[in-house]
Amino acid sequence: MSVAYAPRARIRPGSIGGVALGRPVSWLLVALLVLVTVVALAAPLLAPFDPVQPVGGLNLPPLSPGHLLGTDQIGRDLLSRTLLGIRVSWFSALAVVASGLLVGGVIGLVAGAAGGWVDTVLMRITDLFLALPGALVAIAVVAALGPGLLHTLIGVSIFWWPYYARIIRGETKALAARPHLEAARLAGAGRIRLVTRHLLPGVVPTAVVSASLDVGNVVLLLAGLSFLGLGQAAPAPELGADTARALSQLLRQWWVPGVPGIAVLVLSLVANLGGDGIRNLLPARR
Amino acid sequence: MTQLQTRLTGLAGGTRPATRTLGVHPTVRFLLRRLGAAVLLLFVLSLVVFTLSTIAPGDPARAYVGANASNAAVAEARARLGLDDPFLVRYARFVGHALTGDLGRSLRTRHPVTADLAAFLPATVELVLTAFVLALVLGALFAVSGALRWPGGAVGRGVLLLLATAPPFLLAIVGVVVFFGSLGWLPAGGVGDFEDPGPFGMQALDSLLHGQADAWADAIWHLALPSVVLAVAPAVAVGRVLRASLDTVLGMDHVRTARSKGLTERRVLVGHVVRNAIGPALSMAGLQLGFMFAGVVVVEQVFSWPGIGNYLAASIPVADFPAIAGVTLVLGAVYVITNTVVDLLQALADPRVSAT
């Protein structure tokens, strides 16, 4: 089922491109995820310079003394800008996935547990959202609200829950047919108790796995929107927008547009690998 | 997209429709329902775009009379333009105009949006279709090389996976730096300078129709880099789904039978596996074609491709909402129609699909 909705769904459990993963490797990949989160959290402390102030020569190449990743067209330190940009990208992606998980999770759980017409109505609405071109409409939403990070997050979040609703509803339905649910019902557990104590815990692993495999997609989508000028306003560091602004220097100083772009690649790579690690460690149904 | 699920369960169990109601053939019923859903989706899309246009910044009445007009003049223009009418009346008028090809006037180019779209759409379609064909080929290689354990295939798959993890704008940048800046093999962007006499507005296709080999080669030369950049992510998405279903079908009993009666691996694949396994990959390909019409925006911007994505990218910074709304409507409609056509084709190819 995850194959049906996730463009980047994995082929076989426990493998990357056909190479099997052991548990230690999985833990290592999850550690990478934690490392990126810590770096993103501590970015203002780690950044050697003010990311919005010119602090050195113009367009210094990487490995220049004092500027590990070089400087940009007006002499701002690229390492500092990239670190702060990673912070914005990473937490934006996590926020979108978390909100999608929350909204989609509640809708999926209710639909799967209630069944009947509630299920039908909720899933019709979900299908409607799934069938609309999310990224495109997100662009229109941000354009209508006016550019800005918050508006971008709202625009993307509106279209990021249906996938979770589908997965969690399917998982809930499968769980609801299992004997322990029957037993709980016979023991006199009420509806709320059934959902919160007997369905929700069983759904969590699947939800966490699909969410963690999805962070990379959101990182890429947000970077693309930022590249188009739908993110934060000009002086603030943002990976996609920084690349777009320096595009004209591409052939003379490749690192000015290149470094923020490479940072997006690293984030997306870590997110995907970390997602694989989490999937291997959690006992989720595949 | 539930069709895909049905398809997967259909593969595993071979489900059949339990009842046939009203004497209508299930495939016909499926086709009708799917078409109905597509029409409904298009209306929802137009409703979303219209709602957004009402909350978009900028007052159309003030834009109409000019920034220095008095409030009375603005109010008068507001009444004359019908902006005081109820929401549903304005929405009905918007749909009526859209259906007759009137999407308003771009604030940036001052042309009717429909005329702009007609001018820019062919280049986008050319780029997306080229990339789509490329993605299908790469995706098939990805899947088959994995399922048949081709030696060296893992390296190719790894490279493709890594490329698909990168943001498209980074791929485009690296492509330009390497193939234009260092090697000088490919152009940095734009299309060829072929004076296109039509009829499609697509350089590669029209130059071929007019028998101009040089212009055709030039068009392909310009298409190469942007289409590869655009093709990588969908290739991996399609390749993964195809690989998964190839693995499933290769493990089935009828494949063991085919092998044990002495067929070569190639004949097993062609005769007994591919047709059974291709359904989910087709669905994913349809979805990806839709995604590509959104992803093309970034690629066109980097390569200065004179298409609808570049038009959208140029409209965003100046908040040209009529243009943005027009692009969203047209590309959204392309997305919905593509997915509908893929579903219909699948239902016609395999009746199990319509047994929902």
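Helix 10 of chain B and helix 12 of chain B are roughly antiparallel to each other. That word is used for angles over 145 degrees, while those under 35 count as roughly parallel, 65 to 115 as roughly perpendicular and the rest as oblique. Residues are numbered from 1 along each chain as its sequence is written, with chains lettered from A and ligands numbered from 1 in the order in which they are written.

### Helix pairs in chain B

Let's stay with that first pair. The axes of helix 10 and helix 12 of chain B come within 8 Å and cross at roughly 160°. Axes are lines fitted to C-alpha atoms, for helices over the stretch in contact, and angles run from 0 to 180 degrees between N-to-C directions. Helices (H or I, at least four residues) and strands (E, at least two) are DSSP runs, numbered from the N terminus. The crossing of helix 10 and helix 12 of chain B is right-handed; this means that the near helix is turned clockwise from the far one by less than a right angle, and left-handed means anticlockwise. Their contact has 21 nonpolar, four polar and no charged residues. Here Ala, Val, Leu, Ile, Met, Phe, Trp, Tyr, Cys and Pro count as nonpolar, Asp, Glu, Lys and Arg as charged, and the others, Gly among them, as polar.

Helix 10 of chain B also packs with helix 7 of chain B, at an angle of about 120° and with their axes 8 Å apart. Helix 7 and helix 10 of chain B are therefore oblique to each other, and their crossing is left-handed. On the helix 7 side, B:Leu160, B:Leu161, B:Leu163 and B:Ala164 meet B:Val232, B:Ala233, B:Ala235 and B:Val236 of helix 10. By class, this contact has eight nonpolar, no polar and no charged residues.

### Chain A

Chain A has twelve helices and two strands, and its C-alpha trace spans about 75 × 45 × 30 Å along the principal axes. In helix 6 (residues 134-145) and helix 7 (residues 149-158) of chain A, the axes come within 8 Å and cross at roughly 145°, with a right-handed crossing. Here A:Ala138, A:Val141, A:Val142 and A:Leu145 in helix 6 meet residues of helix 7, including A:His151, A:Thr152 and A:Gly155.

### Annotated spans

UniProt positions are given in the numbering used here, feature names are shortened, and annotations may be inferred rather than shown by experiment. An unreviewed UniProt entry gives "domain: ABC transmembrane type-1" for residues 86-275 of chain A, a span that is 82% helix and 0% strand in the model. UniProt (unreviewed entry) also lists "transmembrane region" for residues 25-47, 90-118, 130-163 and 254-275 of chain A. In chain B, the regions under that annotation include residues 219-242 and 277-299. Some of these spans are set out below.

| Span | Helix and strand | Distance between end C-alpha atoms |
|---|---|---|
| Residues 25-47 of chain A | 91% helix, 0% strand | 30 Å |
| Residues 130-163 of chain A | 76% helix, 0% strand | 7 Å |
| Residues 219-242 of chain B | 100% helix, 0% strand | 31 Å |
| Residues 277-299 of chain B | 100% helix, 0% strand | 32 Å |

### Where the chains meet

How many residues of chain B are in contact with chain A? There are 54, and they touch 47 residues of chain A. Two residues are in contact if their C-beta atoms, placed from the backbone, lie within 7 Å. Among the helices of chain B that each supply at least two residues to this side are helix 1 (2-13), helix 7 (153-165), helix 10 (213-250) and helix 12 (265-302). Helix 14 of chain B gives the most, with nine residues. The side of chain B that touches chain A has 40 nonpolar, eleven polar and three charged residues.

### Confidence

The model scores ipTM 0.79 and pTM 0.83. pLDDT, the predictor's confidence in each residue, runs from 0 to 100. Its mean is 83 for chain A, with 91% of residues at 70 or more, and 80 for chain B, with 89% at 70 or more. In chain B, helix 1 has the lowest mean of the elements (41) and helix 6 (residues 113-147) the highest (89). Residues 1-13 of chain A stay under 50. Where pLDDT is low, the predicted coordinates should not be read in detail.

Conventions
This is a predicted model: local features need pLDDT of at least 70, side-chain atom pairs count only at pLDDT 80 or more; totals for chains, interfaces and linings use all residues.
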